[in-house]
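Subject: A structure for you to look at

Hello,

I am passing on a structure that is new to you, together with some notes on what turned up in it. Please open it first and keep it beside you while you read.

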Protein chains: 2
Amino acid sequence: MEKIKRTKVAEALKRTDFGATVNVKGWVRTHRSSKAVDFIALYDGSTINSIQIVIDPTAFDEALLKQITTGSCISVVGELVESQGSGQSVEILGKSIEIYGLCGSDYPMQKKGQTFEYMRQHAHLRLRTNSFGAIMRIRHNMAIAIHQYFHEHGFYYFHTPIITASDAEGAGEMFQVTTKNLYDLKKDEEGHITYNDDFFGKMTSLTVSGQLEGELGATALGQIYTFGPTFRAENSNTPRHLAEFWMIEPEVAFIDLNELMDLEEDFIKHCVRWALEHCKEDLEFLNKMVDKTLIERLEGVVKEDFVRLTYTEGIELLEKAVKEGHKFEFPVAWGMDLASEHERYLVEHHFKKPVIMCDYPKDIKAFYMKINEDGKTVQGTDVLFPQIGEIIGGSVREESYDKLVNEIETRGIPMKDMWWYLDTRKYGSCPHGGFGLGFERLILFVTGMQNIRDVIPFPRTPKSAEF
Amino acid sequence: MEKIKRTKVAEALKRTDFGATVNVKGWVRTHRSSKAVDFIALYDGSTINSIQIVIDPTAFDEALLKQITTGSCISVVGELVESQGSGQSVEILGKSIEIYGLCGSDYPMQKKGQTFEYMRQHAHLRLRTNSFGAIMRIRHNMAIAIHQYFHEHGFYYFHTPIITASDAEGAGEMFQVTTKNLYDLKKDEEGHITYNDDFFGKMTSLTVSGQLEGELGATALGQIYTFGPTFRAENSNTPRHLAEFWMIEPEVAFIDLNELMDLEEDFIKHCVRWALEHCKEDLEFLNKMVDKTLIERLEGVVKEDFVRLTYTEGIELLEKAVKEGHKFEFPVAWGMDLASEHERYLVEHHFKKPVIMCDYPKDIKAFYMKINEDGKTVQGTDVLFPQIGEIIGGSVREESYDKLVNEIETRGIPMKDMWWYLDTRKYGSCPHGGFGLGFERLILFVTGMQNIRDVIPFPRTPKSAEF
C-alpha cells in the first residue's frame with residue numbers, strides 16, 4: 001500500500017483539496033453493498049461523523065470486500081472527492097484497503113438501537129457507539145473546561161489523598177483499604193482487630209471528600225481545586241449514585257458568601273458554554289437521539305442570571321405553593337432538608353431558571369460551615385439546576401477556632417485525627433470557602449442522559465465492578 | 001476599613017500606578033520592627049515573592065503591631081509606592097491593618113531552614129513555606145501542561161476505574177478494597193472467604209494501572225489518556241516509591257514504534273518547556289536553594305535530540321564500558337533487566353543526553369507488548385533521563401489475538417476476568433500503543449527534589465497515611 005500520512009476523519013471531512021490522495025484508518029460503522037458500488041462508513045473517534053468510502057466492487061477482490069463488516073478495522077487509501085449524495089460534503093473513492101482486524105457476526109455492538117441497559121453490560125465495547133463516543137468526548141471537554149477555568153483564574157490543581165485514615169467528614173459509608181491477611185487477623189486482648197501490621201499501620205479507607213485537605217492547600221497557596229475520584233460505599237442502586245465518582249472541589253482563601261456564589265455561577269456557566277462551543281456536533285446528536293430539549297436547556301443556563309435566595313425565602317415560597325394547592329410528597333417546614341421535588345419546584349416551576357440558595361439551618365449542614373450572626377443559620381450555598389436538582393454544594397467555612405471546636409464537640413464528631421485540620425484555624429486562620437461539584441452530575445446535565453452509569457466509562461455500583 | 005477590591009500579591013508586584021490605594025491579604029512571612037519603621041513581608045500563594053509592607057509604627061497601636069508575627073493572616077490597605085530598597089520594585093505604605101488570624105510562637109513553620117524531614121512531619125503546614133509553595137505551583141503547572149498537550153493533540157481524557165476486580169497487569173502488590181465485616185467473615189465449605197456479601201459481590205482492589213482499560217478507550221475513541229491515582233502496596237521505603245501516586249497513560253490507535261517514540265519525546269519536552277516558560281520564579285528559587293544545576297538540566301532536555309537505540313545496542317555499549325574498566329555493581333549481559341546504574345551510565349556518562357531505548361528482550365517485559373519478527377524482542381520503549389533513570393515506559397501492543405493468547409498462556413497469567421481485554425483483539429483489532437509516566441517522577445525531575453515524598457502534598461508510604 002502507498003505510504004501516505006494518515007488523515008483523521010475529523011480533518012478529512014474539512015478538507016477541500018479534492019483530487020488529493022488520502023489515507024484514513026478506522027472502524028466500519030456500516031458497509032452497504034450493491035453490484036455497482038459499495039459504501040463503507042468509516043469512523044475513528046475524532047468526530048461523531050463517519051466518512052463515506054465509495055468502492056468500485058469490480059476493482060476489488062469480492063471475498064475481501066465481503067469480509068469487511070461492521071466493527072472491522074481497516075486502512076483505506078483513496079481519492080478525496082466532493083460528495084455526490086447528501087449528508088457529508090466529502091467522501092473518498094477507495095483505491096486500496098488494508099485490513100487490520102476483522103469483526104465476526106457475534107460482535108455485540110453490531111445492531112443499531114440497542115438499549116442503554118444492554119450497552120451497559122458491554123461497557124467495554126459501548127465506547128464504540130455513536131452515543132458513547134459523543135458522551136466521552138463531552139466528558140473530556142468538560143474536564144478540560146474545568147482545568148482551563150481554574151488555571152486561568154489562578155487556582156492550583158491540588159492532589160488530596162485517596163487513601164485516608166480520617167473519617168471526620170462523615171459524608172457517607174467508606175470502603176476499607178487493607179493489605180491484611182484476612183485469614184489471619186491479629187486481635188488485641190479485648191478482641192479488637194489490630195492494625196499495626198496493616199500497610200499504613202492503622203485502619204484506612206477511601207476518601208469521601210478532599211475538602212478538609214483542600215482547606216490546608218487554600219490556606220497556604222491561596223486558591224486550589226481538587227479533581228479526583230471519590231468513593232461512597234452506600235448501597236444505593238439508583239440512576240443518580242455511583243460508588244466511585246469524580247469530584248471537583250475548589251477552595252479559596254479570603255472569599256465571602258457573595259463572592260462564592262459569584263464563583264459558582266461563573267464557573268458552571270463557563271462549563272456549559274464550553275460544551276456549546278466545543279461539542280456542537282456531539283450535542284446535536286444527543287439532542288436528536290436522547291433529549292430534544294437538551295441544547296435549549298444548556299443555552300438557558302448560559303443566558304440566565306441565576307436566582308439567589310435564602311433558604312428561609314425558599315421555604316416561604318414552598319409554603320405558599322402548598323397553601324395554593326401544590327402537592328408535595330414530603331412536608332415543608334423551616335428546618336427540614338429540601339427534597340428533590342422541592343428544589344425542582346423552585347427551579348422548574350417557580351423561577352424557571354437555576355437557583356442559588358444560601359443560609360441554611362445549621363442543623364442540616366456540615367460542622368465546618370460558617371455560622372451566621374443569628375446563630376441559627378450557616379453560610380452554606382447550593383446551586384440547584386433543572387432536571388438535576390443540587391449540582392453544587394458549597395459554603396464559607398467557619399474560621400474561628402473556638403466556634404469550630406464547639407461545633408465539633410456539640411455534634412460528637414470524632415476528631416482525634418483532626419488536629420491538623422484545626423491547625424488551619426490555630427495558626428493564621430483566614431476567611432475561606434469553597435464548593436463541591438460531582439463531575440458525573442455535570443455530565444448528566446450536559447449530555448441529557450438519565451442514568452449516571454452511562455456517563456462514566458466503567459461504573460462501579462453495588463454488586464458491579466466489571467472491566 | 002476602606003472597601004477596596006483585593007489585589008493578589010503577584011498582581012500588586014507588577015503594578016506601576018504608584019500612589020494608588022491597594023488592599024492585599026495574606027500571611028506574614030517575616031515582621032521586622034524598629035523604632036522608626038516596621039517591615040512586614042506578606043505572601044498569599046499567588047507567587048513565591050512576598051510584598052513588603054512598610055509601616056510607620058507611630059501611626060499604629062503598638063500592641064496590635066506586636067501581635068503580627070510570622071504566620072499571622074492579615075489584610076492591609078495602603079499606598080502602592082516604588083520600592084526604596086533593593087529586591088522588589090514595589091512596596092506598600094500600610095495605612096490600616098485588619099487581623100484575620102494570629103499565630104502563636106508554637107507555630108511549627110516559624111523557623112527558616114528546617115529540614116525536609118522535619119517538614120514532612122508537618123506536611124499540613126509545609127505547604128506554606130517557600131519551597132513547598134514553589135513545588136506545588138510547579139506540580140499544578142505540569143498537570144496543566146499535560147492536559148493542554150493531549151487536548152491540543154486530539155486525545156480524550158479517559159477515566160479508567162480506580163477500584164478493579166482484575167489483577168492481570170501484575171504490576172505489583174495490590175490493596176484490597178472491602179466493606180466486609182472483618183469480625184464476621186463468611187467462608188465457604190472449603191474455608192475460603194466468600195465475597196458475594198462484599199460491596200461489589202467479588203474481591204476488589206485498587207488499580208495498579210489503567211492501561212488495559214485505556215486500550216478499550218483507544219480502540220474506540222482513537223486516542224485517549226488517563227491521569228489519575230494509582231496504587232502499589234509494595235513495602236518499599238525508598239525516596240523513589242509511593243503507595244499512592246498519580247500516573248499518566250496515553251494510548252493511541254494506529255501508532256507504530258517510531259511514532260510512539262516521537263510522541264514520548266515531544267510530550268516530555270513540552271512539559272519541561274512549559275515549566276521553563278511558566279514557572280520561572282519558582283524554578284529560580286529551587287535552582288538557588290535545592291539544586292544549582294536544575295535549570296541547566298531542564299534546558300538541556302528541551303534542546304537536545306534524544307538518542308534512540310535498541311536494547312541490544314545499549315548492552316553492547318555497556319559491555320564495552322565493562323571491558324574498558326568501568327565498574328558496575330550488577331553484571332551486564334543480553335537478556336537482563338537494566339539496573340538504574342546502567343541506565344544512568346548511558347544517559348549521564350556515555351551520551352550525556354536523554355535516551356529512548358527500544359526492542360527489549362521479550363522475557364523481561366509485559367505480556368501485552370508487540371513481539372518483533374525475531375521472536376525474541378518486543379516493541380517496548382523506555383525513556384531514560386539524567387538523575388531519574390526511567391521516566392517513561394511504553395510499548396506498541398500486540399494486536400494479534402492468537403499471539404496475545406499464546407503469551408498469556410505461556411506466562412500462566414490468570415485471565416479469567418480478562419475476556420473484555422481480549423475482545424479488543426477479537427473485534428476489529430487495530431495496531432496501537434502507549435506509554436506510562438509516573439507524575440511524581442516528572443515532578444522530581446522538574447523541581448530537582450530528591451525525595452518523592454516532597455513532591456506530593458500528602459505522601460502515602462508504608463506505615464504512614466497522615467493528614
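Let me start with a sheet in chain B. Eight strands make up an open sheet there, in the order S6-S10-S11-S16-S15-S14-S13-S12, and their pairing is mixed. At its edges are strand S6 (156-157) and strand S12 (307-310) of chain B, each of which pairs on one side only. Strands here are DSSP runs of E with at least two residues, helices are runs of H or I with at least four, and both are numbered from the N terminus. Two strands are said to pair if DSSP finds at least two bridges between them.

Before going further, a word on the source: this is a predicted model, in which local features need pLDDT of at least 70 and side-chain atom pairs count only at pLDDT 80 or more, while totals for chains, interfaces and linings use all residues. Residues are numbered from 1 along each chain as its sequence is written, chains are lettered from A and ligands numbered from 1 in the order in which they are written, and side-chain values use heavy atoms, with hydrogens and water left out.

Within the chain B sheet, strand S11 (residues 244-253) and strand S16 (residues 432-438) run antiparallel and are joined by five bridges. One pair to look for is Ile248(B), whose bridge partner in S16(B) is Leu437(B).

Chain A also has an open sheet of eight strands, with the order S6-S10-S11-S16-S15-S14-S13-S12 and mixed pairing. Its edge strands are strand S6 (156-157) and strand S12 (307-310) of chain A, each pairing on one side only. Here you can follow strand S15 (residues 389-396) of chain A, which is antiparallel to strand S16 (residues 432-438) of chain A and joined to that strand by five bridges. Ile392(A) stands opposite Leu437(A) in S16(A).

Elsewhere in chain A, strand S3 (residues 51-55) is mostly covered, with four of its five residues buried. Buried means under 20% relative accessible area, exposed means over 50%, and partly exposed lies in between (1.4 Å probe, protein chains only). S3(A) is joined by five bridges to strand S2 (residues 38-43) of chain A, and the two run antiparallel; Leu42(A) has Ile51(A) as its bridge partner. S3(A) also runs parallel to strand S5 (residues 90-101) of chain A, with three bridges between them, and Ile53(A) stands opposite Ile92(A) in S5(A).

Another covered element is helix H14 (residues 439-447) of chain A: eight of its nine residues are buried, so the helix is largely enclosed by the rest of the structure. Among the buried residues are Phe439(A), Glu440(A) and Leu442(A). Just after H14(A), Gly448(A) takes a positive phi of about 80°.

For a contrast, find Gly113(A), in the loop between S5 and helix H3 (116-121) of chain A. Gly113(A) has a relative accessible area of 76%, so this residue counts as exposed. Its C-alpha atom is separated by 41 Å from that of Glu152(A), 39 residues apart along the chain.

Now to where the chains meet. How many residues does the contact take from chain B and from chain A? It takes 116 residues from chain B and 116 residues from chain A, where contact means heavy atoms within 4.5 Å. The area buried between the two chains is about 9000 Å², and carbon and sulfur atoms give 65% of this; buried area is the accessible area (1.4 Å probe) that two parts lose on being put together, summed over both.

Two salt bridges are found across the interface of chain B and chain A, a salt bridge being a side-chain nitrogen of Lys or Arg within 4 Å of a carboxyl oxygen of Asp or Glu. Glu466(B) forms a salt bridge with Lys202(A), with the closest N and O atoms 3.2 Å apart. Helix H5 (residues 130-152) of chain B gives the most to the side of chain B that touches chain A, with 10 residues. The chains also pair strand to strand: strand S8 (residues 176-178) of chain A and strand S8 (residues 176-178) of chain B are antiparallel over three bridges, and Thr178(A) stands opposite Gln176(B).

Happy exploring!
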